[in-house]
Amino acid sequence: MKRQIPRLPDSELNIMLVLWNGHPGMSRPEIETVVNQKKKLAPTTILSLLARLESKGFVSVRKEKQMNYYTPRISKDDYQSQESKTILEKLYGNSLKNFVSSLYHGRAVEEEDIRELEDYLHDLETEKNDRHK
């Protein structure tokens, strides 16, 4: 059984997004450059967030001379999967139909999105049928 991945506050999630979209072994200045394109954070704040992420097991730290290099220990896919399941369970009673319905009635779903979803569901059905042959 996979271990439960804790939900991150937005401030820590923003740091993880930088790491997931960057390269393994990013330094604090590299992370800071990307983070500060959207919201200015002090270097000490970024270091505090990185320390919290390390203590939660989200990142590993490699120390080289005077610099620390940060690498994600939890993949973006694993985190997204966990978060999706949690939201689906808590807010929509595990009903994918209710989730999509709320998006549609909130006008967040366009005709193109519906066709894309239909194609995706068709591909899943085909894949499932192929596995059972």
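Which residue forms a salt bridge with R7? It's E83, with the closest N and O atoms 3.1 Å apart. The close-ups below come from a predicted model, where local features need pLDDT of at least 70, side-chain atom pairs count only at pLDDT 80 or more, and totals for chains, interfaces and linings use all residues. Numbering runs from 1 along each chain as its sequence is written, and side-chain values use heavy atoms, with hydrogens and water left out.

**View 1. R7 and E83 join distant parts of the chain.** A salt bridge here is a side-chain nitrogen of Lys or Arg within 4 Å of a carboxyl oxygen of Asp or Glu. R7 sits in the segment before α1 and E83 in helix α4, 76 residues apart. Helices (H or I, at least four residues) and strands (E, at least two) are DSSP runs, numbered from the N terminus. R7 counts as exposed at 57% relative accessibility, while E83 counts as buried at 12%. The cut-offs are under 20% relative accessible area for buried, over 50% for exposed and partly exposed in between, using a 1.4 Å probe and protein chains only. The structure holds six salt bridges.

**View 2. R28 and E32 pair up inside helix α2.** Their closest N and O atoms are 2.1 Å apart. The two are four residues apart, about one turn of the helix. An α-helix has 3.6 residues a turn, so residues three or four places apart point the same way. R28 is partly exposed at 22% relative accessible area, whereas E32 is buried at 16%. Leaving aside neighbours within four places in sequence, E32 is in contact (heavy atoms within 4.5 Å) with L41, P43 and I46.

**View 3. Helix α1 shows its buried residues.** They are E12, I15, M16, V18, L19 and W20. These pack against β1 (26-27), α2 (28-35), α3 (43-55), β2 (59-64), β3 (67-72) and α4 (76-92). E12 also belongs to a salt-bridge network with R52 and K56.

**View 4. R62 forms a salt bridge with E64.** The closest N and O atoms are 2.2 Å apart. R62 counts as partly exposed at 41% relative accessibility, and E64 likewise at 42%.

**View 5. L117, Y120, L121 and L124 make a nonpolar surface patch.** The patch covers about 370 Å², with areas from the Shrake-Rupley method and a 1.4 Å probe; for residues, only the protein chains shown count as cover. Patch residues have over 30% relative accessible area and no salt bridge, with nonpolar side chains (Val, Leu, Ile, Met, Phe, Trp, Tyr) joined within 5 Å and like charges within 9 Å. Y120 lies in helix α6 (residues 111-131).
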